[in-house]
Amino acid sequence: MSEYGITKSSVGRKILMALSGFFLLVFLLQHFAINMLSVISDDAFNTVSDFMGYNPLVQFALQPVLIFGVIFHLAMGMYLEFQNTKARNKKYAKNNGAANSSWMSRNMIITGVMVLLFLGLHFYDFWWHEITEKYLEGGAESFTGSGRDTTRYSHELQEKFVDIWRVIIYCLSFVFLSLHLLHGFQSAFQSVGFRHSKYTPLIKKLGTAYAIIIPAGFIFIALFHHFNH
Amino acid sequence: MAEKFIDITLKIWRQKDAKSAGKMVDYPMKKVSTDSSFLEMLDLLNEDLVNKGEEPVAFDHDCREGICGMCSLFINGEAHGPDRGVTTCQLHMRMFKNGETITIEPFRANAFPLIKDLVTDRGSFDRIIQKGGFVSVNTSGNTQDANALPIPKVDADNAFDAATCIGCGACVATCKNASAMLFVSAKVSQLALLPQGKVEATERVLNMVHQMDMEGFGNCTNTGACEVECPKGISLDNIARMNREYLKASIIAE
Ligand code: HEM
Ligand code: SF4
Ligand code: FES
């Protein structure tokens, strides 16, 4: 039965898509928690950022997993979307999608690609900056960290939010992420087969809360730094 | 509701055969009774066309009472039209307004190739059923009565609900991905829930999903459009059940 594996069927690929979605949901939660620290206390934010940036476990075990997770999610998302478009060559002259499904559920690829564009900017701003700082320009010594500046993170973060255009792009991206998750959160449970008359309504409420509160929180952090510095 | 008469304009997809290019053609209709069913209205149109020496519009139908699943049609952007829980033969003209333009297209999906006008070939569904939508029984004459096995009422009810799927293909037609998940999951569920179906459950789900993929249906993205448009109210519960069955089967299968 080797031609049937998880990676080779539509149902299996959807399960993998959902697992990568779950992973990103958990990642986003911890990312949010750390960013929130920047609003509460510069010291706490610096300490945690420094830990995340220099702890070998985070850098060499978790970070590659994250990179793989993001790439897998977007590559699989685009592949599934490609297959789905291909399944109907001749389109309807009139199709009333709004009569039976939400805009979010029908446009995951659009909201996903908007998040991807943002990730481009985000990687350029923060991640690439960290990589050059640590691995390319700083040399080995800067990585082991002897004598490194452990307080640079909070003001580096604040500097990013001075430019109003960056803040606008940032906020808009989180609106798209919110739309992505308004469908994605509960959809991932369905994909792995978790559906129950008692728990599914709860999951849907939790998903809506997550999809609104977390992106709104990121937007709050951006605006906070923009207007406070 | 008292009978009324409405004037409408039909925009119908006309296509001579699988190979020809098709196009939308306008047909104005006067004094259509709101008591007539959608298919009766099309009968009247065809009678007119035949009387004028024109080619009648080909469309699928059989029982005309919502049980065979043969009637199809994508009406005003929805499978089986704007009403809920009905097939096209159960759709009535009282759902439409005087002066309305009504678009009528065939069910569109690569896995449902077009034959003529509004008629498509839904044989891909039959090929999926052939891969496991049944229970193998020994017909030697001493077959055990199915009722001899006690079955919990919830399971029996859920299996029966899944079994009400009439294989019409509205779920595929309405899905933005042309996915057949609602149909296949109903056919997997109706048997997976019963002790008689458990024997072949592993191969069934793997084989039926495999055939579904081979036929060129898209992947489910959980939009839920199928459940809304399904004339039999087949629930997304079945898709979740099939996802579970599939996960389990792909782990335990050799
Ligand atoms: C990098 C850009 C991204 C792209 C291009 C993208 C694309 C997609 C697409 C096309 C789908 C629908 C796939 C399907 O249902 O078959 C999807 C689902 C999903 N996405 Fe994303 N996405 C992105 C980022 C994210 C992020 C950052 C998160 C979470 C923080 C996320 C969470 C989810 C979840 C939970 C699902 C639902 C999975 C399911 O239905 O089983 N996505 N994504
Ligand atoms: S699941 Fe519903 S819409 Fe799909 S084939 Fe069965 S009856 Fe028709
Ligand atoms: S003609 Fe049989 S269901 Fe409509």
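A salt bridge is a side-chain nitrogen of Lys or Arg within 4 Å of a carboxyl oxygen of Asp or Glu. The legends below describe a predicted model.

**Figure 1. A salt bridge joins A:D125 and A:R166 by their side chains.** The nitrogen-to-oxygen distance in this pair is 2.5 Å, so the pair lies within the 4 Å limit of the rule. A:D125 belongs to helix α5 (residues 108-136) of chain A, and A:R166 belongs to helix α8 of chain A. The two residues are 41 residues apart, and the pair thus links distant parts of the chain. Over all chains, the rule counts 19 salt bridges.

**Figure 2. Chain A is built with nine helices and zero strands.** Followed along the sequence, the chain gives the pattern α-α-α-α-α-α-α-α-α. The C-alpha trace of chain A spans about 60 × 45 × 40 Å along its principal axes.

**Figure 3. Two histidines of chain A coordinate the iron atom of ligand 1.** A:H73 and A:H180 each contribute the atom NE2, at 2.0 Å from the iron atom. The site has six donor atoms, with angles of 88 to 179° among them, and is octahedral. For comparison, the ideal angles for six octahedral donors are 90 or 180 degrees. A:H73 lies in helix α3 of chain A and A:H180 in helix α8 of chain A.

Figure 4. The size of an interface is often given as the accessible area lost when the parts come together. Chain A supplies 39 residues to the contact, and chain B supplies 52 residues.

**Figure 5. A salt bridge between A:R195 and B:D237 crosses from chain A to chain B.** The side chains of these residues meet at 2.4 Å, taken from N to O. The count between the two chains is two salt bridges. Polar contacts across this interface number 29 residue pairs. On the side of chain A that touches chain B, the elements that give two or more residues are α1 (10-40), α3 (56-86), α4 (103-106) and α8 (164-191) of chain A. The residues of that side comprise eleven nonpolar, 17 polar and eleven charged.

Terms used
Residues numbered from 1 in each chain as written. Chains lettered and ligands numbered in written order. Predicted model: local features only at pLDDT ≥ 70, side-chain atom pairs only at ≥ 80, totals over all residues. Heavy atoms only, no water. Contact = heavy atoms within 4.5 Å. Polar contact = N/O pair within 3.5 Å; in protein donor to acceptor, adjacent residues only side chain to side chain. Helix = DSSP H or I, 4+ residues; strand = E, 2+ residues; numbered from the N terminus. Nonpolar A, V, L, I, M, F, W, Y, C, P; charged D, E, K, R; others polar. Donors = N, O, S within 2.8 Å, 3.2 Å for Na, K, Ca; no water. Tetrahedral: all angles 85-135°; square planar, octahedral: opposite > 155°, others 65-115°.
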